[in-house]
Amino acid sequence: MQQAAVATSAPVEKNNPRTTNGWAMYDWANSVYPLVITSTIFPIYYGSVAVNERGEDVVNFLGFNLPGSSLYTYAISASFLIIAALSPILTAIADFSGRKKLFLRFFCFLGAASCAGLFFFTQATFGLSIVLLMSATVGWAGSIVFYNSYLPLIATEDQYDRLSAKGFSLGYVGSVILLVLSLVIVLKPDLVGIDPANKSLPPRISFLFTGLWWAIFGQFALSRLPADTGRPDHMPAAQGNFLLNGFHELSNVWQQIKQLPMLKRFLLAYFTYNMGVQTVMYVATVFGDKVLKLESQALIITILLLQVVAILGAYLFARLSEAIGNTRALSWSVAIWALICVAGYFVQAGWSFYALASVIGLTMGGIQSLSRSTYSKIIPEDTPDTASYFSFFDVTEKLSIVIGTAVFGIISQITGNMRNSILALIVFFILGLLFLFRMRGQNLRPDAVTTEAPLNQSVL
């Protein structure tokens, strides 16, 4: 396969601290959404609002009566499916037009504005608030695709692991800071001058702060990323509308991907082990609540513990990859996740649960960071089509979430025990480990150096 052509416009200076620090700050900006909205305060508030006049878990949405808890999961799943369907064509349009930053800004402010709009979430605005929740999720997931695509544009390959780890670490730090501030408002409203009798106002303020945090720090990050250059010279002259050109560009990237066996192998490995990783992350709090009967305070401590330990994990596995190579480091991480499933089957409330949560946090930061940086090393060097390439990475992630959580729910429903579902996830990790083994000792991309190269560069 011929190496992708490079745009003739002025190249981006790689490893520029102003640019790389700005890029990492977008993780700081957007990571508050999955922690405050997806994992902690919003689900609790939603549960108190999504009831009928008799206090039952039944709501009316678009003329349909259905369980409020089910509607929440449907809304999240639909959001992920929407962005999984849209991201390939939107990223292709962004690559064709040379406007990655424009698309990143759009999804950033779509998500942030929608999140801030949840301040008005009451039973009277229930239907509109569900739409806002979905658009906020689409904004978050959509911005991540374009954000990730900047990694190979602004850094050299030897810096991918560390820079990816830095981004995730800043995200964990920023989200913990805002969560702690939000918890103060929610648990001690009188300290900030809010009447404790007004139960709905404090959580809604936390939704507003989350949107503002995302927008303000997101703008800080965007101001430091390279400006859009317009259509790269390797692209043909625009014919017809951008939608058709986007489909054409997506087809070109797909043809390139078919000639990259290592990329296909990695996506297959990522798809399988990520089904287990994302499922554990999504159900950990529910498992602690429903199975271990932990109090809300213990669950909040667990969530904070996961975020703090993940900072260490991201840097630890970045250093490990420098020493032994990306695939070996990922293999170690996936093997630990398999052991986590075994431990999860037997874990009980108390110190063993917190110990397990610490291990989850450690490997959570490592596997997320390394997955992103490893994929960056596989795509063709200096390709201008980074957004299109990362759309395939994003679709793989979203589909793995949908399938992994569905399998978990089905097994739990059939067996009547969530512990069986946790144990069954080990199959995903074993498959992922086997697929990673197929990549051991091979070059990441066709234009990589020989197998005698250092492990922290192109050989896995």
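This is a predicted model: local features need pLDDT of at least 70, side-chain atom pairs count only at pLDDT 80 or more; totals for chains, interfaces and linings use all residues.
Student: What share of the contacts with a separation of 6 or more comes from residues 24 or more positions apart?

Tutor: Those residues account for 81% of such contacts in the chain.

Student: OK, helices. At what angle do helix 13 and helix 14 cross?

Tutor: Roughly 150°, with the axes of helix 13 (residues 326-346) and helix 14 coming within 9 Å. Angles over 145 degrees count as roughly antiparallel, so helix 13 is roughly antiparallel to helix 14.

Student: Left-handed or right-handed, that crossing of helix 13 and helix 14?

Tutor: The crossing of helix 13 and helix 14 is left-handed.

Student: Which residues make the contact?

Tutor: Helix 13 brings in residues including Asn326, Leu330, Val334, Trp337 and Ile340. From helix 14 there are, among them, Leu356, Ile360, Met364, Ile367 and Lys377. By class, the residues of the contact between helix 13 and helix 14 split into 13 nonpolar, seven polar and one charged.

Student: Now helix 6. How do helix 6 and helix 15 cross?

Tutor: The axes of helix 6 (residues 126-148) and helix 15 (residues 386-415) come within 8 Å, and the crossing angle is roughly 135°. That makes helix 6 oblique to helix 15. As for handedness, helix 6 passes helix 15 in a right-handed crossing.

Student: Which residues of helix 6 meet which ones in helix 15?

Tutor: On the helix 6 side you have Ala141, Val145, Phe146 and Asn148, and they meet Ala387, Phe390, Ser391, Asp394 and Lys398 in helix 15. The residues of that contact divide into five nonpolar, two polar and two charged.

Student: What about helix 2 with helix 6, parallel or antiparallel?

Tutor: Helix 2 (residues 32-39) and helix 6 have axes that come within 11 Å and cross at roughly 150°. The two are therefore roughly antiparallel to each other, and their crossing is left-handed.

Student: Which residues meet there, between helix 2 and helix 6?

Tutor: Tyr33, Pro34 and Ile37 of helix 2 meet Leu133, Ala136, Thr137 and Trp140 of helix 6. In terms of class, the contact of helix 2 with helix 6 has six nonpolar residues, one polar and no charged ones.

Student: Switching to rings. How many aromatic pairs are in the whole structure?

Tutor: A search of the whole structure turns up 30 aromatic pairs. Take Tyr375 and Phe390: their ring centres are 5.1 Å apart and their planes sit at 70°, so the pair is edge-to-face.

Student: Where do Tyr375 and Phe390 lie?

Tutor: Tyr375 is in helix 14 (residues 351-378) and Phe390 in helix 15, so the pair ties together parts 15 residues apart in sequence.

Student: Buried or exposed, that Tyr375?

Tutor: Tyr375 is buried, at a relative accessible area of 0%. Phe390 is buried as well, at 1%.

Student: Which residues form an aromatic cluster?

Tutor: One aromatic cluster is formed by Phe42, Tyr45, Tyr46, Phe121, Phe126 and Phe207.

Student: What does Phe103 touch?

Tutor: Leaving out residues up to four places away in sequence, Phe103 touches Leu90, Ile93, Ala94 and Phe146. Phe103 is in helix 5 (residues 100-117) and is buried, with a relative accessible area of 16%. From Phe103 to Thr91 is twelve residues in sequence and 8.3 Å in space, C-alpha to C-alpha.

Student: Last one: what's phi of Asn15?

Tutor: Phi is near 65° for Asn15, a positive value in a residue other than glycine. Asn15 lies in the segment before helix 1 (17-30) and is partly exposed, with a relative accessible area of 32%.

Definitions and conventions:
Residues are numbered from 1 along each chain as its sequence is written. Side-chain values use heavy atoms; hydrogens and water are left out. Axes are lines fitted to C-alpha atoms, for helices over the stretch in contact, and angles run from 0 to 180 degrees between N-to-C directions. Helices (H or I, at least four residues) and strands (E, at least two) are DSSP runs, numbered from the N terminus. Angles under 35 degrees count as roughly parallel, over 145 as roughly antiparallel, 65 to 115 as roughly perpendicular and the rest as oblique. A crossing is left-handed if the near helix is turned anticlockwise from the far one by less than a right angle, and right-handed if clockwise. Contact means heavy atoms within 4.5 Å. Ala, Val, Leu, Ile, Met, Phe, Trp, Tyr, Cys and Pro count as nonpolar, Asp, Glu, Lys and Arg as charged, and the others, Gly among them, as polar. Rings of Phe, Tyr and Trp (its six-membered ring) pair if their centres lie within 6.5 Å; planes under 30 degrees apart count as stacked, over 60 as edge-to-face and the rest as tilted. Buried means under 20% relative accessible area, exposed over 50%, partly exposed in between (1.4 Å probe, protein chains only).
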